[in-house]
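Dear colleague,

I am handing over the structure we spoke about, and below it I have set out what I found when going through it. Please read the notes with the coordinates open beside you.

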Amino acid sequence: MIFEYCPKCGEKLGEKEIGDEGLVPFCFTCDNGWFSFSYPCVLCLIVDENDNVILTRERADGFYGGVAGFIKEGETPEDAAKREIREEVGLIVEEVKYMGSYSKNKDTLMLNFICIAKNSKLKISENELYSAEWFKINEAQNLVRPVSITKKLLDNYMQSKNI
């Protein structure tokens with residue numbers, strides 16, 4: 001988020017050079033700089049003990065991807081990953097492994113995880129997903145966008161398992 005107005009007093013921000021940061025949106029009324037920030041999110045690739053993966057779709061004509069969502073205030077990224085998976089597909093995660101981050105755009109910072117869960121029946125959130133299902137990992141490779149974070153997670157997982 002890039003600030004145009006002071007979140008504290010509502011005045012239009014100007015610019016002021018602050019240290020090594022360069023020009024920063026600045027409230028001359030409050031004498032405070034307001035740095036832009038990104039909203040932290042998680043993206044999870046869920047795998048089972050046999051290297052099957054869950055892919056989700058938000059709409060019928062959409063591409064397949066992983067489970068994703070925003071991190072709530074006071075929540076760790078790992079807890080957010082577990083919560084999102086429980087909410088969207090109804091599974092309990094056994095293990096969460098951080099795989100890196102990606103800045104999707106100026107407003108979103110994606111923290112990427114491989115999450116291990118038992119292969120069981122999914123309870124799909126009708127509020128968030130159109131569909132979700134288990135796939136063989138080799139099949140999953142062909143169902144996601146060739147240039148996507150989910151594809152990178154799949155590739156990294158397959159390399160780590162020598163698949």
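How many residues does helix α3 have, and how far does it reach from its first C-alpha to its last? In this predicted model, α3 runs over residues 149-160, so numbered by the DSSP runs, and its 12 residues reach 16 Å, close to the 16 Å expected at 1.5 Å a residue. Its buried residues are I149, T150, K151, L153, L154, Y157 and M158, and what covers them includes the strands β4 (39-47), β5 (52-57), β7 (93-105) and β8 (108-117), together with α2 (137-140). Just after the helix, N162 takes a positive phi of about 55°.

Within α3, K151 may deserve a separate look. The residue lies in that helix, and K151 counts as buried because its relative accessible area is 18%, where the cut-off for buried is under 20%. Leaving aside residues up to four places away in sequence, K151 touches Q141, V144, R145 and P146. K151 and A140, which are 11 residues apart in sequence, are 8.9 Å apart in space, C-alpha to C-alpha.

Turning to the nonpolar cores, the largest has 20 residues, of which I46, I54, I85, V89 and L91 touch the most other members. At least two residues of this core are supplied by each of β4, α1 (77-89), β8 and β9 (131-136). As general background, nonpolar side chains tend to be buried together in soluble globular proteins. Going back to L91, its contacts, again not counting residues up to four places away in sequence, are I46, I54, I85, R86, A117, K118, S120, K121, L122 and W134.

As for the strands, there is an open sheet of 3 strands in the order β1-β2-β3, and the pairing is antiparallel. Because β1 (14-17) and β3 (32-33) stand at the edges, each with a single partner strand, one side of each is left without a neighbour in the sheet. Between β1 and β2 (residues 23-27) there are 4 bridges in the antiparallel sense, and the bridge partner of G14 in β2 is F26.

Elsewhere, β4 and β6 run antiparallel and are joined by 4 bridges, with L43 standing opposite A68 in β6.

Lastly, the cysteines: which disulfides does the structure hold? The count is 0. C6 is in no disulfide, and the nearest cysteine sulfur, that of C27, is 3.7 Å away, whereas a disulfide would need the two sulfur atoms within 2.5 Å. C6 counts as buried, since its relative accessibility is 4%. C115 is likewise in no disulfide, the nearest cysteine sulfur being that of C44 at 4.1 Å, and C115 is buried as well, because its relative accessible area is 0%.

With best regards

Note on methods
Residues are numbered from 1 along each chain as its sequence is written. This is a predicted model: local features need pLDDT of at least 70, side-chain atom pairs count only at pLDDT 80 or more; totals for chains, interfaces and linings use all residues. Side-chain values use heavy atoms; hydrogens and water are left out. The expected span of a helix is 1.5 Å times one less than its number of residues. Buried means under 20% relative accessible area, exposed over 50%, partly exposed in between (1.4 Å probe, protein chains only). Contact means heavy atoms within 4.5 Å. A nonpolar core is a set of buried Ala, Val, Leu, Ile, Met, Phe, Trp, Tyr and Cys residues joined through side-chain atoms within 4.5 Å. Two strands pair if DSSP finds at least two bridges between them.
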